[in-house]
Amino acid sequence: MNLEEQINADIKAAMLAKDSAKLEGLRAIKSAILLMKTSAEGNTPDAELKALQKMVKQRRETAELYKTQQREDLAAVELAQASVIEAYLPKQMSEDEIKTAVSEVIKQVGASGPGDLGKVMGVITKQLAGKADGKTVSMMVKQLLSN
């Protein structure tokens with residue numbers, strides 16, 4: 001069962017359960033999939049993964065913005081949608097797992113200092129695509145290269 005079929009089935013289940021919060025998140029995913037089908041990039045599993053990650057990131061950023069404006073009600077809606085979308089992403093790596101992977105790549109490419117940031121990031125982002133947040137990976141690489 002591909003992602004689109006799974007989303008359609010889950011939309012039906014959410015409608016029957018009258019779960020409006022989950023339904024909103026699922027409809028957002030379906031909308032993104034339909035847009036990908038008509039785009040030049042196409043509807044590949046890789047494109048789906050990137051789109052889902054982008055949607056989660058956007059919702060988290062929007063929730064933070066709402067929180068700074070004391071709009072907790074709107075922030076809660078965005079966070080609920082983000083958690084629904086995250087359920088369709090692969091399990092994210094822990095900080096310890098990221099640190100181990102980054103350390104291995106640093107040894108592999110022979111990086112010695114902050115000047116080698118580009119070399120390390122080029123390799124590690126491909127390795128951890130979809131498994132870890134890019135911002136966390138970047139901070140970890142900078143931290144390990146500065147030591």
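User: Is glutamate 4 buried or exposed?
Analyst: This is a predicted model in which local features need pLDDT of at least 70 and side-chain atom pairs count only at pLDDT 80 or more, while totals for chains, interfaces and linings use all residues. Residues are numbered from 1 along each chain as its sequence is written, and side-chain values use heavy atoms, with hydrogens and water left out. Buried means under 20% relative accessible area, exposed over 50%, and partly exposed in between, with a 1.4 Å probe and protein chains only. Because its relative accessibility is 17%, glutamate 4 counts as buried.

User: In which helix does glutamate 4 lie?
Analyst: Helices (H or I, at least four residues) and strands (E, at least two) are DSSP runs, numbered from the N terminus. Residues 3-17 form the helix that holds glutamate 4, namely helix 1.

User: Which residues does glutamate 4 touch, not counting residues up to four places away in sequence?
Analyst: Contact means heavy atoms within 4.5 Å. With residues up to four places away in sequence not counted, glutamate 4 touches Ile33, Leu34, Lys37 and Asn43.

User: How many helices and strands does the secondary structure of the protein come to?
Analyst: From the N terminus on, the elements run α-α-α-α-α-α-α. The secondary structure therefore comes to 7 helices and 0 strands.

User: What percentage of the 147 residues of the protein count as buried?
Analyst: Along its principal axes, the C-alpha trace of the protein spans about 55 × 40 × 25 Å. Among contacts between residues at least 6 apart in sequence, 57% join residues at least 24 apart. Of the 147 residues, the share that counts as buried is 34%.

User: Is helix 2 oblique or parallel to helix 3?
Analyst: Axes are lines fitted to C-alpha atoms, for helices over the stretch in contact, and angles run from 0 to 180 degrees between N-to-C directions. The axes of helix 2 and helix 3 come within 10 Å and cross at roughly 135°. Angles under 35 degrees count as roughly parallel, over 145 as roughly antiparallel, 65 to 115 as roughly perpendicular and the rest as oblique, so helix 2 is to helix 3 oblique.

User: How many nonpolar, polar and charged residues does the contact of helix 2 with helix 3 have?
Analyst: Helix 2 contributes Ala28, Ile29, Ala32 and Met36 to the contact, and helix 3 contributes Ala47, Glu48, Ala51, Leu52, Met55 and Arg59. Ala, Val, Leu, Ile, Met, Phe, Trp, Tyr, Cys and Pro count as nonpolar, Asp, Glu, Lys and Arg as charged, and the others, Gly among them, as polar. By class, the contact has 8 nonpolar, no polar and 2 charged residues.

User: Where does lysine 18 lie?
Analyst: Most residues other than glycine have a negative phi. Phi of lysine 18 is near 55°, a positive value in a residue other than glycine. With a relative accessible area of 74%, lysine 18 is exposed. Its place is the loop between helix 1 and helix 2.

User: What is the relative accessible area of glutamine 70?
Analyst: Glutamine 70 lies in the loop between helix 3 and helix 4. Its phi is near 55°, a positive value in a residue other than glycine. Glutamine 70 is exposed, its relative accessible area being 65%.

User: With which residues is methionine 15 in contact, leaving aside its neighbours within four places in sequence?
Analyst: Methionine 15 is found in helix 1. It is partly exposed, with a relative accessible area of 42%. Leaving aside neighbours within four places in sequence, methionine 15 is in contact with Leu23 and Arg27.
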